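Try each task on your own, then follow the solution step by step.

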Amino acid sequence: MRQEQFVARYQHEWQALEHWLATRGDNPRSGRGQPAADGLNDEDIPQHYRRLCQQLALARKRGYSPQLVARLQQLMQQGHRLLYRTPPPRWRRALEFLFADFPQLVRSQARSMWVATALFVVPLVGTFALVQWYPQFIHLLMDNAQIAAMERMYDPAAPHLGRDSGTDWMMFGYYIMNNISIGLRTFASGLLAGVGTVLILLFNGLTIGAVAGHLQHVGHGDPFWRFVVGHGAFELTAIVIAGGAGLQLGMKLLAPGRRRRVDALIEGGVIGARLCLGVAAMLLVAAFIEAFWSSIAGIPAWGKFAVAAVLWSAVFAWLWRGGRGSGHAH
């Protein structure tokens, strides 16, 4: 094969690889998961690199021009440096996932996340308002014993939110197990065509709204809000994200598009599993705040609300801005 024919046949492959290296070589995170304009995906690179090595060997064997051989040699060396570099340490990869990949992934599922938010927030706010006008509504969701226990827990006349350090650690473990199990159930229920996730979000919204509304109505709102307002930033947001993960899983099952249903379900499961990793981290932080900060009774309300404002702002800023400029998670 003449050199002109050789170049004409493989020129588009070299240009695609050159473009990919130019956009991803210096910063491997830039454009992650995004195909280039010519359709070259990250997972295609090893195959293209092997073909380049074969083409370089052919160019040398056939005595093509030194300029062509040098071009292919340089391209091969650039690809080798990128493919065989030392991987970053696990702790760094974990931080990159939490601070960049996870919020990107949440934003990539924006439709499911907004639907989950509505399914949780609308019944919460609506039930809170309803209990102010119709206090008896709480009895539809909780029995008298549960209501009495809740009122004792947040009775402002006998504050007992404070605990000793040993109890804090015990409750920390309890909160981790309880919260993460709720998050996983919310996601996994999406396998029931999304119906399970919808019911869990609605039930949690109704219950939390009714409890908050009842305590506010009977005059126990101050200790309740001081307790929940801090860790709620991570806990409630995590539950909504788990719900969004479950909803997108249910949609993959109901509307797989042109793909086979099993392939769409696998894709939804991979997305959901990665989302659940971030949800678990958020619930771990929420459990820590709940055990070691929320339970401190001696801090005045303004201190609790000031810290809560910082926490809520940090969570929203993280999910809104995290990973921007470094490409989209895939």
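A nonpolar core is a set of buried Ala, Val, Leu, Ile, Met, Phe, Trp, Tyr and Cys residues joined through side-chain atoms within 4.5 Å, where buried means under 20% relative accessible area with a 1.4 Å probe and protein chains only. This is a predicted model, in which local features need pLDDT of at least 70, side-chain atom pairs count only at pLDDT 80 or more, and totals for chains, interfaces and linings use all residues. Residues are numbered from 1 along each chain as its sequence is written, and side-chain values use heavy atoms, with hydrogens and water left out.

**Exercise 1.** Find which residues have the most contacts inside the largest nonpolar core.

*Solution.* 
- Step 1: this core has 25 residues.
- Step 2: those with the most contacts inside it are Phe-102, Val-106, Phe-234, Ile-241, Leu-275, Met-282 and Leu-319.
- Step 3: H4, H9, helix H10 (261–294) and H11 each give two or more residues to this core; helices are DSSP runs of H or I with at least four residues, numbered from the N terminus.
- Step 4: H10 has the largest share, eight residues.

**Exercise 2.** Work out which residues Leu-319 touches, not counting residues up to four places away in sequence.

*Solution.* 
- Step 1: contact means heavy atoms within 4.5 Å.
- Step 2: Leu-319 meets Phe-102, Pro-103, Val-106, Arg-107, Thr-237 and Ile-241.

**Exercise 3.** Look for another core, apart from the largest one.

*Solution.*

Definitions and conventions:
Buried < 20%, exposed > 50% of the residue type's maximum accessible area, 1.4 Å probe, protein only.
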